[in-house]
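Hi,

Here is the structure I promised to pass along. Have a look at it first, and then read on for what turned up.

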Amino acid sequence: MVSELDLALVHALQVRPRAAWSELALALGVTAGTLARRWERLTARGLAWVYAAPGPAFSRSRVTAFVLLRCRLGAREDLAAAIAAFEEAVTVETTAPGSADLLLDVLTPDLASLTRFLTERLSALDGITAVECLVATALYTEGSRWRLRSLDATQLTALGGPAAGERQPAPRADLDALDRVLLAELAADGRLELAELAQRAGTSAATVRRRLNRLTGSHLITFRCDMAPPLTGLPVAVTFRGRLPARDVNALHRALAALPECRLLAAVTGTDNVLATFWLRDIAEIQRRETSLCTRLPTLTVTDRIIGLHTVKRMGHLLDRDGRRTGTRPVRPW
């Protein structure tokens, strides 16, 4: 069973992913030892995990695309496993039969790399019958900003914002060999302590602290806490595709991004220029959410509803049929 304290802990780690247990204990009203034991249990069961992911500054300098694949009957599962091995495919999801059989989130350094992924990587796989690529022109919200909403206002106030070393943006700097070693370790476990990171990287804890402060302060990376559906209580994932007049695209952020179920909202290329993913409680919520979207944005026409069946890989982490983490296949966009 998942307790209210488990939910509060995960929400707290969404806000402060690398905060010390003693800091979180003050906001949650329990001991640091209790939180450490709870977290160990959650991670051991694959229910929640913290990791380093590309930050806003890094993502703006790269190309984000959403790729929809149609597959030959019976080939989808093997294709999903094969594509999950590609570093460019940060998320791989099987979908209910319809306009797509697989939905990929792809991150590449540039358009040339995206082209190679589409024409070389994917074309080498047997069983793909059609490919559609939507390039994101704006990301209004994405998974790192989504919250579980288990803490009340008083707890959030007590929790505070990012740690002091993360508050002030620093000038962007290129990544060197040490940065890449640290990021490789943190992509698998974002709560590794400084001493452990220093030992693995062959440097000092003080150097690791400075490097992490620079990387987070310049928004090159961000730390995320992700979780399985048993914790969210939102087992249904649906991606809406829609069409909106260009003059209204900038209204997407204020109209839809703040909705609590909204996991992803992007403006994309193509005839359908809006892509939005929602996590919902049940199938019936799909129709209600679509009605709500169109009420908020009267000029929006929803053209497709893609229901996710199994997220095979999410931001480099492999998931089982219940959405629990079973392993890591790190993405290395840096």
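Which residue of β10 does T95 stand opposite? T95 faces G308 there. Keep in mind that this is a predicted model.

β3 pairs with β10 in the antiparallel sense, over 4 bridges. β3 also runs antiparallel to β4, and 5 bridges join those two. One example is T94, whose bridge partner in β4 is L102. β3 and β4 make a hairpin, with 6 residues between them. As for cover, 7 of the 7 residues of β3 are buried, so the strand is mostly covered.

The buried residues of α5 are L79, A80, I83 and A84. Looking down the axis of α5, these buried residues fall within an arc of 130°, so they line one face of the helix.

Nonpolar side chains tend to be buried together in soluble globular proteins. The largest core here has 30 residues, and L9, V10, L24 and W39 touch the most other members. The elements giving two or more residues to this core are α1 (4-15), α2 (21-28), α3 (32-44), β1 and β6 (221-227). α1 gives the most, with 7 residues. A second, separate core of 24 residues includes Y140, L252, V274 and I286.

The buried ones are L5, D6, L7, A8, L9, V10, H11, A12, L13 and Q14. What covers them includes α2, α3, β1, α7 (153-159), β6 and α12 (229-232).

Leaving out residues up to four places away in sequence, W39 touches L9, V10, L13, W21, A48, W49, V50, R191 and C225. W49 is in strand β1, residues 48-54. W49 has a relative accessible area of 1%, so it counts as buried. Setting aside neighbours within four places in sequence, the contacts of W49 include W39, R224, C225, D226, M227, R314, H317 and L319. The C-alpha atoms of W49 and L13 are 9.4 Å apart, although 36 residues separate the two along the chain.

Last, the cysteines, in case you wondered about them. How many disulfides does a search of the whole structure find? The search finds 0. C133 is in no disulfide, and the nearest cysteine sulfur, that of C71, is 15 Å away. C133 has 26% relative accessibility and so counts as partly exposed. C294 is in no disulfide either; the nearest cysteine sulfur belongs to C262, 14 Å away. C294 is partly exposed, with a relative accessible area of 26%.

Cheers

Technical notes
Residues are numbered from 1 along each chain as its sequence is written. This is a predicted model: local features need pLDDT of at least 70, side-chain atom pairs count only at pLDDT 80 or more; totals for chains, interfaces and linings use all residues. Side-chain values use heavy atoms; hydrogens and water are left out. Buried means under 20% relative accessible area, exposed over 50%, partly exposed in between (1.4 Å probe, protein chains only). The arc is that of the directions from the helix axis to the C-beta atoms. A disulfide is a pair of cysteine sulfur atoms within 2.5 Å. Two strands pair if DSSP finds at least two bridges between them. Contact means heavy atoms within 4.5 Å. A nonpolar core is a set of buried Ala, Val, Leu, Ile, Met, Phe, Trp, Tyr and Cys residues joined through side-chain atoms within 4.5 Å.
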